[in-house]
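This report walks through one protein model, from local backbone geometry to overall dimensions. Please look at the structure first.

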Amino acid sequence: MADDYLVRIGKLIRDARQHRGWTQSQLAEALGTSQSAVNRIERGNQNISLEMIARIGEALDSEIVSLGYAGPMHLRVVGGRRLSGAIDVKTSKNACVALLCASLLNKGRTVLRRVARIEEVYRLLEVLGSIGVRTRWINDGVDLEIVPPADLDMAAIDADAAVRTRSIIMFFGPLLHRMDHFKLPYAGGCDLGTRTIEPHMIALRRFGLDIAATEGQYHAVVDRSVRPDRPIVLTERGDTVTENALLAAARHDGVTTIRNASSNYMVQDLCFFLEALGVKVEGIGTTTLTVHGVPTIDVDVDYSPSEDPVEAMSLLAAAVVTESELTVRRVPIEFLEIELAVLEEMGLDHDRTPEYVADNGRTRLVDLTVRPSKLEAPIDKIHPMPFPGLNIDNVPFFAAIAAVAQGKTLIHDWVYDNRAIYLTDLNRLGGRLQLLDPHRVLVEGPTRWRAAEMMCPPALRPAVVVLLAMMAAEGTSVLRNVYVINRGYEDLAERLNSIGAQIEIFRDI
């Protein structure tokens, strides 16, 4: 009973700290204690006095001393409302997590501008803080400063935070340059079926990294005599696989050619960041990257990741599903051109501004205005492809869009084992989706959405699709336990409310 009490208090403190935007190290500094002590408190592994609870509450400006366990976050959605006005796209979640991992390459100070304040980022900050990296939010919590220690304390890694994010696997590339052996907890993230790290292992073995997976951990050993002596051909054109190979090549003393590389948005942002660190990268935006590595990187760098094309697609889908006129600003158009071409063929009424440049100086942006449209189902199936094809993460949004179009649409989500199954949750809201097999869904529209109460799917994009359908459904819906949405979107409910939605955040008391 006492242990359960401590765990509940720890979770309250962790939630309050994250809401404030602080790392464990920042809270420890405010309390005059150590980061490891804060970590133990939040995990329920340390006795804590009422005086300490009060001090923590005062530091975080949170009424923790009430001791009530708030439980998971839920959303109450009053649907059937039209959206209007304009909304800006936030910076890329996937770019931000890659850049956090890439900061381990640098001995100097890294500042990342307008970092996404999402659970995935918080988990990585907890991991970085636990191994000795000093991070703090600056400029009124908008930007993030990262200062690494001389030596990383991998024995102190926060395993609980690490297993809640798949991004932890991108530590392999930077860490192989810093130590001869280390351990990492198994990667977690969304429930999208079995995803092995074998493509990562194949690429990183060429840099001397050998990985054995036992007892819930990856055991990594580096052989410094092994160097890539010919081009590395990736067996999977995956984003994180490409990023890991780039991170390994960045501090390899020589030239590394990576073939069958992803050229997706987060990979390009990582390449731009590596160039800011002094690493020359040729072929950005293509499937062949040539990296001129720098064995030591010790620079103070300031970088602005670009906007998130998947969030942009989410907002466009919100307008389409709710039959609204909405302007979505700062859309990275290069990474949405195929999606817009498909939507144009379906009958979408929209226009766009001339292109302008993102804060990273490289990515092309536009502002898009979407208007209510009479959509027809596309003749061809909707299916993803590696960039420059239709983005894998944007496929679920077409389930909701197809549901409001006239006719039948075949969606073939071939990449993940389970994700297509979660799309059938739209049937609870009045959708007519038929699961043909684990990867193919037949969507029939138009749909008369109806309100419902349901659990949030355990995969990020299908969860947001369900939320969008609830916004279109007349009446009041409830979406329970939305942690997975908070992994990838910053203040999504509040931002949707700013353009006309009516979404209330609540917790079970």
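## Ground rules

Helices (H or I, at least four residues) and strands (E, at least two) are DSSP runs, numbered from the N terminus. This is a predicted model: local features need pLDDT of at least 70, side-chain atom pairs count only at pLDDT 80 or more, and totals for chains, interfaces and linings use all residues. Residues are numbered from 1 along each chain as its sequence is written, and side-chain values use heavy atoms, with hydrogens and water left out.

## Backbone exceptions

Most residues other than glycine have a negative phi, and most peptide bonds are trans. Asn139 sits in the loop between strand E4 (134–138) and strand E5 (143–147). Its phi is near 55°, a positive value in a residue other than glycine. Arg114 has a positive phi too, near 50°. Arg114 belongs to the loop between strand E3 (110–112) and helix H6 (119–130).

How exposed are these residues? Buried means under 20% relative accessible area, exposed over 50%, and partly exposed in between (1.4 Å probe, protein chains only). Asn139 has a relative accessible area of 44%, so Asn139 is partly exposed. Arg114 is at 27%, so Arg114 is partly exposed as well.

There are cis peptide bonds to note. The bond from Phe387 to Pro388 is cis, with omega near 15°. Pro388 lies in the loop between strand E17 (364–371) and helix H14 (395–403). Gly445 and Pro446 are also joined by a cis bond, with omega about 0°. Pro446 is in the loop between strand E20 (440–445) and strand E21 (453–455).

Two strands pair if DSSP finds at least two bridges between them. An open sheet of four strands runs in the order E9-E10-E12-E11, and its pairing is mixed. Strand E9 (232–233) and strand E11 (280–282) are the edges, each pairing on one side only.

Strand E10 (residues 255–259) and strand E12 (residues 288–292) are antiparallel, over five bridges. Val255 has His292 of E12 as its bridge partner. Helix H10 (residues 239–250) lies across E10 and E12, at about 25° to E12. Axes are lines fitted to C-alpha atoms, for helices over the stretch in contact, and angles run from 0 to 180 degrees between N-to-C directions.

## Helix contacts

Helix H2 (residues 24–31) and helix H3 (residues 35–42) have axes that come within 8 Å and cross at roughly 105°. H2 is therefore roughly perpendicular to H3 (angles of 65 to 115 degrees; under 35 is roughly parallel, over 145 roughly antiparallel, the rest oblique). From H2, Gln24, Ser25, Leu27 and Ala28 make the contact; from H3, Gln35, Val38, Asn39 and Glu42 do. Contact means heavy atoms within 4.5 Å.

His200 lies in helix H9 (residues 198–205). His200 has 2% relative accessibility, so His200 counts as buried. Leaving aside residues up to four places away in sequence, His200 touches Ile169, Thr240, Val241 and Asn244.

## Whole-protein numbers

The protein has 18 helices and 23 strands. Its radius of gyration is 23 Å, close to the 23 Å that the globule rule gives for 509 residues, so the protein is as compact as a globular protein of that length. This radius is taken over C-alpha atoms; the rule is 2.2 Å times the number of residues to the power 0.38.

Of the 509 residues, 57% count as buried. Among contacts between residues at least 6 apart in sequence, 74% join residues at least 24 apart.
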